[in-house]
Amino acid sequence: MLKHVAVIGATGAVGRELLRLIHDRKLPIGKLSALASNRSVGTVLRVGDRDIPVQRATREILQDVSLTLFSAGASVSRELAGAVVDGGGVVVDNSSAFRMDPNVPLVIPEINADDLKRHNGIIANPNCSTIIMLMAIGPIHAVFPIRRIVVSTYQSASGAGQSAMNELREQTRNALDDRPIHPVAFKHPIAFNLFSHDSDVGDDGYNGEEQKMIDETRKILHTPDLPISATCVRVPVLRAHSESINLEFVEPTSAASVREVLSGAPGVRVVDDRAANHFPMPVDATKVNDVLVGRIRQDISVPDDRGVELFVCGDQLLKGAALNAIQIAEHLEGG
Ligand SMILES: NC(=O)c1ccc[n+]([C@@H]2O[C@H](COP(=O)([O-])OP(=O)(O)OC[C@H]3O[C@@H](n4cnc5c(N)ncnc54)[C@H](OP(=O)(O)O)[C@@H]3O)[C@@H](O)[C@H]2O)c1
């Protein structure tokens with residue numbers, strides 16, 4: 001039983017899913033606190049049949065908390081996580097603040113739950129695109145070692161939060177009515193457009209999201225030198241990220257054997273109907289816990305059957321964020 005659970009960023013896109021999942025999955029808790037910034041004080045959130053008033057996140061509240069789910073950006077996590085740990089509580093953090101800290105486990109329970117054993121009060125939830133990719137390739141790599149990954153993403157607006165979802169809706173209406181579009185949440189128009197991911201671009205040409213996918217994948221799979229390249233793109237989809245993944249294996253590996261592994265993988269659903277041309281789509285992945293995997297085929301450009309192509313879709317507000325965090329909490333509780 002968790003005496004007191006707090007969600008920081010409770011009014012945001014991920015925070016609202018966290019509160020819903022705490023209720024729906026019957027996380028064994030006593031008190032529940034919904035925390036956000038000053039802007040949200042006065043807001044009341046409905047969780048099951050309870051109305052929970054939003055409070056400002058402060059160090060004082062956090063000192064009495066057994067588990068805090070952080071979902072308010074890296075600066076808030078850096079500022080307040082220490083207060084939870086000092087008070088004897090555990091942090092599960094959705095931001096990038098601690099992901100690459102060698103003392104902080106970065107965990108997808110289906111892939112590396114064992115890493116939870118060595119936490120020191122803080123556990124990091126991986127980046128959403130990383131989780132969705134690894135749900136598919138983690139179980140494959142456990143059976144057929146991978147020697148190179150090339151991934152291209154098609155990331156939805158909701159990956160950038162509630163304001164970006166609102167912006168996609170509003171810009172789409174404006175574009176259809178021939179009204180001017182004024183991007184705010186993104187630098188570029190998102191309606192009827194797509195653009196390279198909105199994170200900063202490094203000297204090597206890779207943007208922040210691409211670098212996260214590379215670094216976090218290596219940490220989670222415990223393969224510090226695995227060659228990985230990523231191209232991350234934002235698309236005008238409301239919810240659920242898609243990814244085209246090219247895998248190169250150490251040994252010859254058939255697409256059929258990869259499909260078989262994926263068919264038994266927890267949290268994965270194979271959607272691969274060639275006759276009906278039905279493969280993973282964001283509309284089918286939206287509000288669904290499983291990551292959908294399809295287009296499973298031999299890469300004909302790689303000799304000796306050492307290459308396989310996949311296409312995946314996952315709801316990044318769920319498995320890419322809130323659901324993964326709740327599953328971590330369930331593991332800590334022995335669930
Ligand atoms: N969206 C995704 O798919 C996704 C996936 C994985 C990880 N994440 C991570 O999850 C976090 C939240 O993302 P989101 O998409 O939910 O963003 P969002 O919809 O913009 O929500 C942000 C939340 O943070 C709160 N907040 C902002 N500044 C705060 C402060 N100084 N103190 C306390 N609370 C503050 C906001 O409260 P107010 O309403 O009061 O402003 C709001 O509740 C980010 O770290 C993000 O990187 C997001």
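**Close-up views: the ligand and the sheet**

View 1. An oxygen atom of the ligand sits 2.9 Å from a polar backbone atom of Gln162; a polar contact here is a pair of N or O atoms within 3.5 Å. The protein buries 76% of the 900 Å² that the ligand exposes when taken alone (accessible areas by the Shrake-Rupley method with a 1.4 Å probe). This is a predicted model, in which local features need pLDDT of at least 70 and side-chain atom pairs count only at pLDDT 80 or more, while totals for chains, interfaces and linings use all residues. Residues are numbered from 1 along each chain as its sequence is written, and side-chain values use heavy atoms, leaving out hydrogens and water.

View 2. Around the ligand are 25 residues (each with a heavy atom within 4 Å of it), and Thr11, Val14, Ser37, Ser40 and Gln162 come nearest. From Ser37, a polar side-chain atom lies 2.6 Å from a ligand oxygen atom. At Gly159, a polar backbone atom is 3.4 Å from a nitrogen atom of the ligand.

**View 3. The open sheet.** Seven strands line up as β9-β10-β8-β11-β14-β13-β12, with mixed pairing (strands are DSSP runs of E, at least two residues, numbered from the N terminus; two pair if DSSP finds at least two bridges between them). β9 (195-196) and β12 (268-270) are at the edges with a single partner strand each, so one side of each has no neighbour in the sheet.

**View 4. Inside the sheet.** β8 (residues 146-155) and β11 (residues 241-249) pair in the antiparallel sense over eight bridges. Val150 has Asn246 in β11 as its bridge partner.

Conventions: Helix = DSSP H or I, 4+ residues; strand = E, 2+ residues; numbered from the N terminus. Polar contact = N/O pair within 3.5 Å; in protein donor to acceptor, adjacent residues only side chain to side chain.
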